[in-house]
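Hi,

Here is the structure I promised to pass on. Have a look at it first, and my notes follow below.

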Amino acid sequence: MGLFVAQLLTGLANAATLFLVASGLSLIFGVTRIVNFAHGSFYMLGAFIGYSLMQVLPGMFGFWVSVLLAGLAVGVIGVIVEILVLRPVYKAPELFQLVATFGVILVIQDLALLTWGADDVLGPRAPGLKGIVRVLGEPVPKYDLALIAITPFILFGLWYLIAKTRLGILVRAATQDREMVGALGVNQAWLFTGVFFLGATLAGLGGAIQLPKGGADLLMDFNILAAIFVVVVIGGMGSLPGAYVAAALISILNVFGVTYLPQSTLVLMFVVMAVVLMIKPYGLFGREEVAGEHGQVGEPERPIKPAGIAVRLLVAFGIFLLALLPWFGSDFAQVLTADVIIFCLFAASLHFILGLGGLVSFGHAAFFGGGAYVAALLVSYLQTPMEVAFLLAPIGAGFAAFIIGWLCMRLTGVYFAMLTLAFAQLIWSLVYQWGEFTGGDDGLVDIWPAAWLNGTTPYYYFTLFFGIGGILILRHVAHSPFGYALRASRDSARQAEATGINTKRIQWAAFTFAGALAGLSGALFVFSKGSVFPTELEIGRSFDALIVIFLGGVKTLSGAVVGGASLEYAKDFLTRFEYWRLTLGLIIIFVVIVAPEGISGTMRKMAERVGIIRGREGDS
Amino acid sequence: MNPILEVRDLSKSFGGLKAVNAVNFKVAEGELLALIGPNGAGKSTCFNMLMGQLKPSSGEVYFLGENLVGKFPRDIWRKGIGRTFQITATYASMTVIENVQMALMSFHKRIYSMLPYAHKMYKSEALEFLQMVGLADQAERHCAILAYGDLKRLELAIALCHNPTLLLMDEPTAGMAPTERESVMQLTADIVTEKNISVLFTEHDMDVVFGHAHRILVLNRGELIANGSVDEIRNNPMVQEVYLGGGNLFESEEAAS
């Protein structure tokens, strides 16, 4: 009994941080509709800045002042990010801003590395709260009790701010209808900045307040990201009490999980989330989104046509050049180009559901890594011949997409995106923690292609055939009745349903199909590397694909392919430098600001302006 | 003669509000039936129940003897009912003709095929439908830049694709210039007469209603208050009260909000 209570208290104490960070994310999303991936970075900055301040401000007073100052400092950083990076792209198509926030993550990672070094920092104990208290015989740190006591006040303060003050009324009004608030004369730009300040401050406070418990390190940003998304989704987007209840639920489950089911700690959170969303699709305290709220921003997409003869010749010529590569390129060039092709196929498969279907998935890595793991497991345990394993990988990934798609399809918009992220994380944590079967962190090794594909050049041709083949299949299907039905479901579900199209089933089928092709790219990947590790299932993988699609341009498949190729080559080049993340992050932010329609979209616009291609009729 | 559509005791409540209360009517073969009534009378609610978008609180909808209640819009469509929307719904990323081709692909159950090129499928058929509504010369234009009246015509073409027995048109002329209203309605009347399609439509423009409807239903506050020929409705004192005299109608609406 004593242990039980002690663990309950630890869980509640941990919930303080989670709640602070998650409520900030929820506020920012509610008002600006920006999914702020950089929120974990704000949290990390809060921890590091708090740590530095505590070095110079001694005593109990110094500790709490440091926490507050760290929060405010991060708030100011949030304002800078909002003004410099996000303000120029508010008018861009929906979700495009998340690419910018991803650039911010990279920049902050390297800036933190530059400032605080690569070593983990141990947080100072809170002065005056160093000891423990015995609760029913079990030791509980005094600091935990302090956190438990403080959190309700923070919740109340935030609730008061949102429910009772003028700023709060504006925030709630903007959450429901941005345009209307703008039309009523509220300066939206400053409202957004204000909300960003508040949200970032909360994240910074969360980072600083957990210092005595967890310290600070450079992986904090990604480590908390999944958890705060889960909290926001379980609690219900935009609900503060929901965020608190969900944070407490997750934290307490986590503490008990560590004790009773140590292999399941990472999985548990996502299982809870999946269960909650099955029962309450919009979270515990969330309300159903008003339809049309997420209406497409920007101009409608243009009709597509199969490529003309000139473009076909150009593509054929490009493939021909790729086929010639082994004659004039080094082994390294072949390996790199194979990597690029694999990544392009992965990005193209995400583009299929995202671009044509309007289904934004944050968890597409599940099927890339899933395909790779299916093949690797078959080879490792059943000595399956490579050819068979290679064929079964896309089928396995497609099957995973079939199941996950079925579970996610009831939701739309950002909720759908979050749920796909959660399932991807579920698969990742399963693979990561089920070490005896999947190899865990050590991965699975010795997964080599069959003898006839041994060597760089044969496998390069194999990759070329299946990689380019997969992309061409995706392209063809986009022009088939199935691709049209998918676009119809996106353009007007109302009309599609009224003319006999089961839109959800079409989207589900497309999700499965895209998953299978992502699995194909995963299979190509695992046999080219000879090994697979859980990183291939990570959030970062999914984000890579998302970023290249948005950077390349959502509207065309060529955008995904061009973007994919650019990012892979750029990464290969940049990772030779020490601070490559900073550079890459700045490049991403730069592209986002300069070319808010993506690289290919903007190039097309420019070409139209100077008259190389004929513009769309009626364009002004 | 058996009716095409028969609505029996159809009701819908939203909380305490009875939006539609025990409505009964029939649509005969080849009939152009207008459903009119002031704003908030329950016309759209009625329509959405007929098309399966809303589940009725009680009552039945029989189409050719089969109860439609509980069926999805897409299944009701397949039984032979087409519809157009009050706020147009078309596929903005496609060309005009592709919008029609999409409906034809769905009708021929080809939406899951991945091999053929969609833009080549049922093209001549689609062009015929566009010709019917006078859009053939705009077939290759991008749907997103079509004039509003042309979007309405396009919706009509889409709705005709599966050779419907019954067409439900929710305010077919809303948002159009007066001259265009008449031409679109005349076009609709010509097509349905030629193809022997029955039509149930809602409309605010009385010129359109009196000029084209064979019979008129009048809905007020969820209740069917009149059902008769054009002349009968024109001279019905209750209808005149609702449309002309009823100052209290608007008062009560204000009080309710």
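Two residues are said to be in contact here when they have heavy atoms within 4.5 Å. Please also keep in mind that this is a predicted model.

With that in hand, let me start with one residue of chain A. A:Leu12 sits in helix α1 of chain A, which covers residues 2-32. Apart from its neighbours within four places in sequence, A:Leu12 touches A:Ile148, A:Tyr244, A:Ala248 and A:Ile252. One of these, A:Ala248, lies 236 residues away along the chain, yet its C-alpha atom is 5.5 Å from that of A:Leu12.

Next, the place where the two chains meet. Chain A brings 36 residues to the contact and chain B brings 38 residues. About 3300 Å² of area is buried between chain A and chain B, and carbon and sulfur atoms give 61% of that. If you like looking at charged pairs, the rule finds 1 salt bridge across this interface: the side chains of A:Glu497 and B:Arg74 meet there, at 2.8 Å from N to O. There are also 17 residue pairs in polar contact across the interface, with both residues at pLDDT 80 or more.

Which helices of chain A each supply at least two residues to the side that touches chain B? They are α19 (456-478), α20 (481-491), α21 (493-498) and α22 (503-529). The most comes from α20(A), with 8 residues. By type, the residues on this side of chain A divide into 16 nonpolar, 8 polar and 12 charged.

Finally, chain B itself. It has 10 helices and 10 strands, and its C-alpha atoms fill a box of roughly 60 × 40 × 40 Å along the principal axes. Among the contacts in chain B with a separation of 6 or more, 67% are between residues 24 or more positions apart.

One helix of chain B deserves a look: α1(B), residues 43-50, is largely enclosed by the rest of the structure, because 6 of its 8 residues are buried. Those are B:Lys43, B:Thr45, B:Cys46, B:Phe47, B:Met49 and B:Leu50. After α1(B) comes B:Gly52, with a positive phi near 85 degrees.

Best wishes

Technical notes:
Residues are numbered from 1 along each chain as its sequence is written. Chains are lettered from A and ligands numbered from 1 in the order in which they are written. This is a predicted model: local features need pLDDT of at least 70, side-chain atom pairs count only at pLDDT 80 or more; totals for chains, interfaces and linings use all residues. Side-chain values use heavy atoms; hydrogens and water are left out. Buried area is the accessible area (1.4 Å probe) that two parts lose on being put together, summed over both. A salt bridge is a side-chain nitrogen of Lys or Arg within 4 Å of a carboxyl oxygen of Asp or Glu. A polar contact is a pair of N or O atoms within 3.5 Å; within protein, one must be able to donate a hydrogen and the other to accept it, and residues adjacent in sequence count only if both atoms are side-chain atoms. Helices (H or I, at least four residues) and strands (E, at least two) are DSSP runs, numbered from the N terminus. Ala, Val, Leu, Ile, Met, Phe, Trp, Tyr, Cys and Pro count as nonpolar, Asp, Glu, Lys and Arg as charged, and the others, Gly among them, as polar. Buried means under 20% relative accessible area, exposed over 50%, partly exposed in between (1.4 Å probe, protein chains only).
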